[in-house]
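Me: Could you take a close look at how the helices pack in this model for me? I'd like one connected walk-through, please.

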Amino acid sequence: MTVNLLGLDANALAAFVAELGEKPFRSKQLLRWVHRAGESRFAEMTDLARSLREKLAKSAVVSVPPVISDSVSGDGTRKWLLDVGGGNAVETVFIPETNRGTLCVSSQAGCTLGCEFCATGKQGFNRNLTTAEIVGQLWLANRLLAAASAGERTGLSEGAAPGERTGLSERVASGERVVSNVVLMGMGEPLLNFDNVVPALRLMLDDNAYGLSRRRVTLSTSGIVPLIDRLREECPVALAVSLHAPNDALRDRLMPINRKYPLRDLLAACRRYLERAPRDGDAAGEDGWPSMPDKHGYRPGAPRDFVTFEYVLLSGVNDSEHHATELIALLEDVPSKINLIPFNPFPGADFQRSPPEAVRRFSEVLNSAGIVTTTRKTRGDDIDAACGQLAGQVQDRTRRIIRMEAA
Ligand code: SF4
């Protein structure tokens with residue numbers, strides 16, 4: 001069986017290398033080649049023994065989902081639609097800003113949870129993405145963005161071999177990555193794909209792979225309470241929660257998952273998540289993180305001392321000053337930041353975007369209560385890459401592919 005190396009975290013890769021009869025240090029070399037250098041061709045991994053390269057060529061691949069489309073918005077936001085097989089497609093979005101570049105990654109093709117305001121939820125659920133498909137989004141973005149920055153924007157398409165671009169590996173390896181932050185906020189509920197998402201997170205954090213700090217990797221959940229606890233134990237990263245309503249009655253309506261995990265239980269899980277956040281005076285390692293390595297070599301505890309709550313503003317539904325006041329009371333005991341998101345309408349949506357005046361008033365009420373509140377700029381509207389629009393057109397595009405294949 002051929003193994004896709006993008007799906008193996010450090011421990012799994014070490015086991016694979018051992019199975020090939022190789023010494024443990026080879027797995028670290030391989031990790032660096034695949035993720036740091038973005039190299040997919042074993043023949044180019046020049047410091048590996050020829051015998052190992054030959055074994056790898058027979059038993060392994062470095063393979064990413066083919067790119068169906070590659071769009072760039074007028075504001076620089078870039079969106080890739082990726083073919084994950086079986087008529088399914090997922091989206092990955094890169095958002096460049098002055099001092100960082102954030103990649104929004106999908107974890108499932110579709111979503112089971114059916115939130116009323118979400119284009120992905122309206123699409124239904126197809127399947128969980130594999131670890132390789134999740135990490136592959138970051139691998140691909142780093143390569144394509146490095147190529148773009150070098151004036152080689154070619155747009156990888158199905159069957160293209162990314163490693164074939166002259167000197168690209170060297171440029172990626174020398175730090176030309178522009179993805180500085182990853183958010184699991186694309187299609188899907190990442191915690192419902194826990195077993196594939198956690199190895200992907202470990203690779204994102206691994207110094208031999210992408211080396212992102214825990215503060216720069218954010219997992220956004222609709223509030224799967226037992227799995228928030230499990231994440232805290234197994235691989236804590238920055239936590240964001242899609243809240244969108246200040247009381248159970250409204251949240252039950254907007255987000256059906258609230259009927260299973262109501263606000264009281266969700267906020268208790270958020271408080272538990274923060275319990276081991278680093279405090280002033282903690283002994284810190286070089287990365288500012290207290291040193292208490294777990295069995296995987298990772299140090300537990302939340303990397304930030306607050307939870308980000310996302311709140312999409314729906315005109316006349318959840319955007320009044322009264323709702324803002326309720327929200328303040330709700331979050332009284334949870335160190336919070338609030339990210340207000342203007343709703344992005346999509347075909348068939350039952351909601352309207354709140355007027356700017358309502359957004360401003362809502363934000364002012366929260367800020368005046370001392371809650372740090374930001375309003376997300378809408379980015380990538382012209383390519384349907386804005387929040388809540390992911391996969392809004394996937395089905396049509398997928399059907400087009402099926403038609404193309406049938407032709
Ligand atoms: S908002 Fe998130 S959890 Fe809800 S349907 Fe959309 S992708 Fe799923």
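Reply: Happy to! A word on handedness to begin with: a crossing is called right-handed if the near helix is turned clockwise from the far one by less than a right angle, and left-handed if it is turned anticlockwise. Please keep in mind that this is a predicted model.

With that in hand, look at α5, which passes α7 in a right-handed crossing. Helix α5 covers residues 131–149 and helix α7 residues 194–205; their axes lie 8 Å apart, at an angle of about 35°. On the α5 side, the contact is made by Thr131, Ile134, Val135 and Leu138, while α7 brings Asn196, Val197, Pro199, Ala200, Leu203 and Met204. Sorted by class, the residues of this contact are 8 nonpolar and 2 polar, with no charged ones.

Now move along the chain to the other pair. Helix α8 (residues 225–234) packs with helix α10 (residues 263–274) at an angle of about 5°, and their axes are 9 Å apart. Angles under 35 degrees count as roughly parallel, so α8 and α10 are roughly parallel to each other. From α8, the contact takes in Val225, Ile228, Asp229 and Arg232; from α10 come Asp265, Leu266, Ala269, Arg272 and Tyr273. The class count here is 5 nonpolar and 4 charged residues, with no polar ones.

How values were computed. Residues numbered from 1 in each chain as written. Predicted model: local features only at pLDDT ≥ 70, side-chain atom pairs only at ≥ 80, totals over all residues. Axes fitted to C-alpha atoms, helices over the stretch in contact; angles between N-to-C directions. Helix = DSSP H or I, 4+ residues; strand = E, 2+ residues; numbered from the N terminus. Contact = placed C-beta atoms within 7 Å. Nonpolar A, V, L, I, M, F, W, Y, C, P; charged D, E, K, R; others polar. Parallel < 35°, antiparallel > 145°, perpendicular 65-115°, else oblique.
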